[in-house]
Amino acid sequence: MEQKRTLRAALYVRVSTDEQANEGFSLDAQVSKLKAYCKLEGWTVSAVYCEEGESGRSIKRPQYQKMMSESDSWDVLLVYKMDRIHRNSVNFAKMMEELDHKGKEFCSVQEKFDTSTAMGRFVRDVMERIAQLESEQIGERVKQGMERKARYGAGLLGSGHPYGYDNKYGKLSVNEEEQYTVRAIFNMYINGTSMDHIAESLNRGGVPAKRGGIWYKSTVYGILHNPLYAGYVKWDGHIRPGDHSAIIELDTFEKVNGPLDISK
């Protein structure tokens, strides 16, 4: 059995709003149990960090940030339960990596998880691998979701939607009035009108840009070079057919931009 060292302990306790009334999870109750544990282990209490009304799913907690910034003053981070410090396994793994880099220990009373022991370090390594796998799987799902949105036109919406289209239930539908302006922009440019003059003509004619704004050369450029108007979407460097109606023909778009390299 490993001999316990005399450690300086940082006590971290947390309650979120809906847990404050729960018996056994109050801040005072947690502090009392942690101090008793320190006495049993022969550890000294360096500081107590009390977090009230903060979610364990975020690391943007004032007392948590303060504690991590003051790590030079303690040797072990002590919590009553592991979900008091993090409710997200990825954030927990990142914290453990930071503690390991700083030469600090972590201990949870309820789970009997203590990285100052060989078994605790083994469990820590397993948990970090699980968190890494979870993080990679989340990244894959996010990318797949974004690719699907892009394929169906919604990936280009951002917080709004392109000129010439409306956003209806996450899908693009042609705006009956704006589509004629889009076609006019392509026709004027193909017939030799510069982008500056196209913008000036639209402004003189009282044609509002998106959200009632005015036209600029950059606005015209964005329309002329966006394959969306020919029925395609660009995502991750590839051009793919979208699930929305085109406003112009593909050959019209290619007269402006050259052949479109469509991914299979």
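## Around tryptophan 215

Tryptophan 215 is in contact, meaning that heavy atoms lie within 4.5 Å, with Tyr163, Thr181, Ile185, Ala199, Leu202, Asn203, Val207, Pro208, Ala209, Val220 and Ile223, where residues up to four places away in sequence are not counted. This is a predicted model, in which local features need pLDDT of at least 70 and side-chain atom pairs count only at pLDDT 80 or more, while totals for chains, interfaces and linings use all residues. Residues are numbered from 1 along each chain as its sequence is written, and side-chain values use heavy atoms, with hydrogens and water left out.

## Two nonpolar cores

A nonpolar core is a set of buried Ala, Val, Leu, Ile, Met, Phe, Trp, Tyr and Cys residues joined through side-chain atoms within 4.5 Å, and buried means under 20% relative accessible area, exposed over 50%, and partly exposed in between, with a 1.4 Å probe and protein chains only. The largest such core has 26 residues, of which Phe186, Trp215 and Tyr229 touch the most other members. Two or more residues each come from α6 (178-190), α7 (195-204), α8 (217-224), β8 (232-235) and α9 (250-257), these helices (H or I, at least four residues) and strands (E, at least two) being DSSP runs numbered from the N terminus. The largest share, 4 residues, is given by α7.

Apart from this core lies another, of 17 residues, including Met67, Met68, Trp74 and Met95.

## Serine 55

Serine 55 sits in the loop between β2 (44-52) and α2 (62-69), and it counts as partly exposed because its relative accessibility is 39%. Leaving aside residues up to four places away in sequence, serine 55 touches Arg14 and Arg61.
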